[in-house]
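Trainee: Could you take me through this one, pairing by pairing? I'd like to know how each answer is reached.

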Amino acid sequence: MSASTQPAIDGWFATDESGAPYLIGGKCQKCGTYVFPPRANNCPNPACDGDELAQVPLSRRGTLWSYTENRYAPPPPYPAPDPFEPFAVAAVQLADEGLIVLGKVVEGTLAADLKVGMEMELTTMPLYTDDEGVVRIVHAWKIADKGADQ
Ligand SMILES: [Zn+2]
């Protein structure tokens, strides 16, 4: 049995030496604006005509900016499960970049557990198992461990 895992979408996150996942974003080389998911061109800042975005690691932590439960389909690349199961989606403002990144919240954490302004931490969760038995994973948000990194 292989326990191998692979990202569901290449290039959205990576893991550091300790195995902790981090998102990869695009950063405009002209004005410094960040974008996620990463892309190579087209600065998102309407006041900037920069067209070269570098791939950079993003903060692993951020502040819960908004969240929802059950009201919207999950953002790509999450499939809509059938039958539907309650889940929360969080919009987290990254600590250093100020960028807001949508992600599914880990299983077992629902809207009642969340509060705007709370510290969130990046993690990963399985999305599906492919034909070769590889577990495909995506980024997700969990409530940050209290005390760490404070
Ligand atoms: Zn720019």
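Trainee: Which residue in β10 is the bridge partner of Val 105?
Mentor: Start with the ground rules: this is a predicted model, where local features need pLDDT of at least 70, side-chain atom pairs count only at pLDDT 80 or more, and totals for chains, interfaces and linings use all residues. Numbering starts from 1 along each chain as its sequence is written. β8 and β10 pair in the parallel sense over two bridges, and pairing here requires DSSP to find at least two bridges between the strands. Val 105 has its bridge partner in β10, and that partner is Trp 141.

Trainee: How many strands does the protein have?
Mentor: Elements are DSSP runs numbered from the N terminus, with helices being H or I over at least four residues and strands being E over at least two. From the N terminus on, the order reads β-β-β-β-β-β-β-β-β-β. There are zero helices, and the strand count is ten.

Trainee: What is the mean pLDDT of the protein?
Mentor: pLDDT is the predictor's confidence in each residue, from 0 to 100. Among the strands, β5 (residues 53-57) has the highest confidence at 97, while β1 (residues 5-7) has the lowest, at a mean of 89. Across the protein, 89% of the residues reach 70 or more, and the mean is 89.

Trainee: Why is β7 largely enclosed by the rest of the structure?
Mentor: Count C-beta atoms, placed from the backbone: a residue is buried with 20 or more others within 10 Å of its own, exposed with 12 or fewer, and partly exposed in between. β7 is largely enclosed because, of its seven residues, the number buried is five.

Trainee: Which residue in β8 stands opposite Ala 91?
Mentor: β7 runs antiparallel to β6, with seven bridges, and on that side Thr 68 has Val 89 of β7 as its bridge partner. β7 is also antiparallel to β8, joined by five bridges. There, Ala 91 stands opposite Leu 102.

Trainee: Is Gly 133 buried or exposed?
Mentor: Gly 133 sits in the loop between β9 and β10, a hairpin with five residues between the strands, and has a positive phi near 80 degrees. Its C-alpha lies 9.0 Å from that of Thr 5, though the two are 128 residues apart along the chain. Because Gly 133 has 10 other C-beta atoms within 10 Å, it counts as exposed.

Trainee: Which residue in β10 is the bridge partner of Pro 7?
Mentor: Three bridges join β1 to β10, and the two run parallel. β9 is joined to β10 too, antiparallel and over nine bridges, with Pro 126 opposite Ile 137. For Pro 7, the partner in β10 is Ile 137.

Trainee: What value is phi of Asn 42 near?
Mentor: Most residues other than glycine have a negative phi, and most peptide bonds are trans. The loop between β4 and β5 holds Asn 42, and also Pro 37, whose peptide bond from Phe 36 is cis, with omega near -5 degrees. Asn 42 is partly exposed, with 13 C-beta neighbours inside 10 Å. Its phi is positive, near 70 degrees.
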